[in-house]
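Have a look at it first, and then we'll start from a single residue.

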Amino acid sequence: MLRVRSIKVNYGAIRALKGVSFHVKEGEIVTLIGANGAGKSTILNTVSGLLRPVSGEILLKDSPIHKLSPAQIVKLGVSQTPEGRQVFSTLSVRDNLILGAYPRRKQSDKSEIRKDVEEVEKLFPILKERNKQAAGTLSGGEQQMLAIARSLMARPKILLLDEPTMGVAPIMVAEILRTVKKLRDGGMTVVLIEQNAHAALSVADRGYVLETGRVVLDGTVEELLENKEVKRAYLGKGYQEVWE
Amino acid sequence: MLIRNQELETLSRSDIRQLQLERLQAIVFRCYKNVSFYKKKFDEAKISPDDIQSLDDLKKLPFTTKADLRDSYPYGMFAVPLREIVRIHSSSGATGLPTVVGYTGNDLKNWCDLCARIMYAAGVTRDDVVQIAFDYGIFTGAFGLHQGAERIGASVIPTSVGHTERQVKIIQDYKTTVLACTPSYALTIAEKMSEMGIDPKSLNLKVGLIGAEPWSEAIRGEIETKLSIKAMDNYGLSEILGPGLAGECEARNGLHIQEDHFIVEVIDPETFEVLPVGAEGELVFTTLTKEGFPLLRYRTGDLSRIDDSPCACGRTLARMSRVFHRTDDVIVVRGVNISPSQVEAILRKPDGNLPEYQIIVDTKDANDALEVLVEVSEDLFVDEMRQLRELHLNLEKKVHAALGVKVKVRLVEPRSIPTKDGKVKRVVDLRRGDSQ
């Protein structure tokens, strides 16, 4: 579905990605884990076209997308849910969702969009309950759900989730992760970025571990959980066990 | 068609290359970060891990040789602290310091899976009774196939090597269906069987997993007839993984290399140039997933050629041709590596002169036999017989002690060893069809 090959990305003089390669198969949740500054968000922003790689390529179903504009990439079915939600806080929940369908406003009529709103509200019942409320009055977790739901309104083939559990109450974390899984089970392809490696590895199928702009390890979730270095650095457990 | 990992063994070539690139970049970085040997080599060659932007860039990296492994004896090239290592294997060390390899939990799991893959490809299923007649010990062979068979769900009998009569009894009574051993031991077992008056056709044996020594197609035919089995080849090196690196499928048209875990290159052993697909040369492997003991561009010394065209079995994994020759003169006799230089060290006289000699390997009485011809100078021949006999016994003892294999030494007259272009051929391996 998605193939990223040796992308290098600069922020001015700083090289944020030093040649990152990974792939995502259809219907799979792939997580990118790593510490702050490892380059996780940079990768998502590059895939969605907000950043341009200086070299390397990104292929969506075998065709290159790394030279397209973000709008074109969204139309091809890549939707990003940005870090920190960024919902339109003064608009109602429902209007936020309808805005999510903006990229396909020309292809879809209103009834279709209404149907999709119903669909995502089924996925996130809380959003239906609060559909008239201003989005800014929702809790952090609810806003996150709204942000994901809004991304879904573009009918993406692949969903890029940037830290969906950041600053969210534990009970909502579980709820969000459950929903991500449900989306995958429905055939959605997901790239999930998390600092909370525990959370990410509990729902993902495979993962890549990033360090200072490079991939240092890849594997199935089971393999990553078995890796002592991952345990030490990202899961914060067995620290003593490993190094004493 | 028997494919154990349907997804990974039938990836499209472009998917394989994508996976290999991802893993190559990661392991190169891990090697640079965690193995001082590689950091030094990279720095010397002015290479950064970030220079690997495509699979083609692999050839920028330095080679790793057996000598490098010896220099870092025992743990110098481990990429993780020793406490993360859960298994240690090593080579025999007959030719100097042994090479020591360590496996993490994930390494063992991968090894197990890969052995299961090649065994499944050879026809082993959960209904089989697998007799492992490889030496259980510090070597990788027995343990690799043992755990692979268990992963498949077969019933494993760890008989180890030796006690041939008991082996035959077990084959007969326990209804063994799969026999794993060296080619020479397979023939030993066959011989014992006929001695005991047992007809192989009356047994349940169906498949042989034969390896650890080079064996010709003629030997394969002999094993198959005498044991009434299908003899399947597999390939592995303890430095890289042990068995599980590559194995034959039912098409028997080369050994499938587990390319999701390894990158294979074929190089010209003289110029070190990477050769195109299909050309014969030295096999060079890069491990892609190993955590404990990763190796970049490890030179195996084994000669083979690669074919990456689709196989009749459905696998897309490239195939290597069976290995019959090595780049150096190292010969494998009963699982032990022997190099002419070891023999040379013994024959060299105190004055530094080296008599002409030749090593002849043959299969005698179903076992590999080693003979060393040594030319003795004329003055020695005219001397007393007693002195000559002493020299003879002495040499035999010394060579045996150094090689760890029984050797017959024959003293011959000067210039009696045939030469070619004025040079004596140091090794004549009759098993692979060399002429004397």
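Leaving aside its neighbours within four places in sequence, which residues is A:I29 in contact with? They are A:V180, A:R184, A:V190, A:L192, A:V203, A:A204 and A:D205, where contact means C-beta atoms, placed from the backbone, within 7 Å. This is a predicted model, in which local features need pLDDT of at least 70 and side-chain atom pairs count only at pLDDT 80 or more, while totals for chains, interfaces and linings use all residues. Residues are numbered from 1 along each chain as its sequence is written, and chains are lettered from A and ligands numbered from 1 in the order in which they are written.

A:I29 sits in strand β3 (residues 29-34) of chain A; strands here are DSSP runs of E, at least two residues, and helices are runs of H or I, at least four, numbered from the N terminus. A:I29 counts as buried because 25 other C-beta atoms lie within 10 Å, and the cut-off for buried is 20 or more.

Now for the places where bigger pieces touch. Chain B has domain 1 (6-328) and domain 2 (333-432), with bounds from an automatic or database domain assignment. Their centres, taken over C-alpha atoms, are 32 Å apart.

Methods. A residue is buried if 20 or more other C-beta atoms lie within 10 Å of its own, exposed if 12 or fewer, and partly exposed in between; C-beta atoms are placed from the backbone. Two residues are in contact if their C-beta atoms, placed from the backbone, lie within 7 Å.
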